[in-house]
Amino acid sequence: MSGPPPIAIGDLLAETRAALAEAGVDNPRLDARLIVGAAAGATIEQMIARPETPVDADSAAFARALAERRADGAPIAYLLGVKEFWSLDFAVTAATLVPRPDSETLVEAALARCADWSRAWRVADLGTGSGCLLLAFLSERPHATGVGLDASIEALSVARANAHAHWFDARARFVCGSWTSALAGPFDLIFANPPYIPSDDIPLLAREVRDYEPYEALHGGADGLDHYRAILAELPRILAPGGAVVFEVGQGQALPVADLCELADLKVEAIRRDLGGISRCVVAAKSSA
């Protein structure tokens, strides 16, 4: 007995887009193209140019299964296993946060502060997750070296795989620990993107964040600032004289985090806005004396 006939890729795209739109998914057209392209092994350009291309039954079934999970709220990055950040592709799993364009603000701030392309900058990334911040920085500063720290063994496995995929094995290493506990320093630059969602706000998050991204990477305590306090208690110990920390912060948290930096004897140098105009990044430095 023969199996189901193939379906034209254009028809599968239309079917997937309609299902995602009915489920209320943002940008169903793009997500449908990503899902069908991944399932059928086709680029967006190929799907647009040749909508009559047949898709075999197994690939169509895989696309429909992915679409069903996306309709249930699963992030598209988790379904595809990859997310672009700083023009690099990063593997992601449910053990890591999905890299967001807002976080590129931290890379921009770090590069502006570490402007010397030839210097061997020493960098740490606290709560490295997929490793996207550290590896994006290393991609722009070829003599820099760095260490990514995370409390999750599963996340560190993803970060190591990303370092290997982008040929950074020799310049990046990853260790398990709680914030600065496993680090000796000194570091010229420290990235820190700690959990910063206040406890009462977590139920209000978008479903794809609240129900799918790791809770321990979101929860920041009653006011969202618990982890900043913990980091800043030890941060001056591992910062080199004149070194700086680049914090990611949530909406409305830039000034409170800046105050915490000042209390830790770090001078706030800049507060940077993301593409949405939200104050997303606090840069604070240790005295060079």
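**Close-up views of a predicted model**

**View 1. The loop that holds Pro186, with its cis peptide bond.** Pro186 lies in the loop that runs between strand S7 (172–176) and strand S8 (187–192), in a model that is predicted rather than experimentally determined. Gly185 and Pro186 are joined by a cis peptide bond, for which omega is about 0°. For context, most peptide bonds are trans.

**View 2. Helices H1 and H2, and the contact between them.** Helix H1 (residues 9–22) and helix H2 (residues 28–40) have axes that come within 8 Å and cross at roughly 135°, and the two helices are therefore classed as oblique to each other. The crossing of H1 and H2 is right-handed. On the H1 side the contact is made by Ile9, Leu12, Leu13, Thr16, Arg17, Leu20 and Ala21, while H2 contributes Pro28, Arg29, Asp31, Ala32, Arg33, Ile35, Val36 and Ala40. Sorted by class, the residues in the contact of H1 with H2 comprise ten nonpolar, one polar and four charged.

View 3. Ala18 belongs to helix H1 and counts as partly exposed, at 46% relative accessibility. From Ala18 to Ala8 the separation is ten residues in sequence and 16 Å in space, taken from C-alpha to C-alpha. Asn27 is placed in the loop between H1 and H2, where this residue, although not a glycine, has a positive phi of about 50°. With a relative accessible area of 46%, Asn27 is likewise described as partly exposed.

**View 4. Trp86, a residue with positive phi between two strands.** The place of Trp86 is in the loop between strand S3 (82–85) and strand S4 (88–91). Phi of Trp86 is near 55°, which is a positive value in a residue other than glycine. As a rule, most residues other than glycine have a negative phi. Trp86 counts as buried because its relative accessible area is 18%, and the cut-off for that class is under 20%.

**View 5. Helices H10 and H11, and the residues that join them.** Helix H10 (residues 226–238) and helix H11 (residues 254–263) pack at an angle of about 20°, and their axes are 10 Å apart. That angle makes H10 roughly parallel to H11, and the crossing of the two helices is right-handed. Tyr228, Arg229 and Leu232 of H10 make the contact with Val257, Leu260 and Cys261 of H11. By class, the contact of H10 with H11 divides into five nonpolar residues, no polar residue and one charged residue.

**View 6. Ala110 and its contacts from elsewhere in the sequence.** Ala110 is found in helix H6 (residues 104–113) and is buried, with a relative accessible area of 0%. Once its neighbours within four places in sequence are set aside, Ala110 is in contact with Phe137, Leu189, Phe191 and Val246. Ala110 and Val246 are 136 residues apart in sequence, yet their C-alpha atoms are 6.8 Å apart in space.

View 7. With a disulfide taken as a pair of cysteine sulfur atoms within 2.5 Å, the count comes to zero. For Cys114, the closest cysteine sulfur is that of Cys281, at 12 Å, which is too far for a bond. Cys281 is in no disulfide, and the cysteine sulfur nearest to its own, in Cys261, is 10 Å away. Cys114 counts as buried at 0% relative accessibility, and Cys281 counts as buried at 0% relative accessibility.

Methods: Residues are numbered from 1 along each chain as its sequence is written. This is a predicted model: local features need pLDDT of at least 70, side-chain atom pairs count only at pLDDT 80 or more; totals for chains, interfaces and linings use all residues. Side-chain values use heavy atoms; hydrogens and water are left out. Axes are lines fitted to C-alpha atoms, for helices over the stretch in contact, and angles run from 0 to 180 degrees between N-to-C directions. Helices (H or I, at least four residues) and strands (E, at least two) are DSSP runs, numbered from the N terminus. Angles under 35 degrees count as roughly parallel, over 145 as roughly antiparallel, 65 to 115 as roughly perpendicular and the rest as oblique. A crossing is left-handed if the near helix is turned anticlockwise from the far one by less than a right angle, and right-handed if clockwise. Contact means heavy atoms within 4.5 Å. Ala, Val, Leu, Ile, Met, Phe, Trp, Tyr, Cys and Pro count as nonpolar, Asp, Glu, Lys and Arg as charged, and the others, Gly among them, as polar. Buried means under 20% relative accessible area, exposed over 50%, partly exposed in between (1.4 Å probe, protein chains only).
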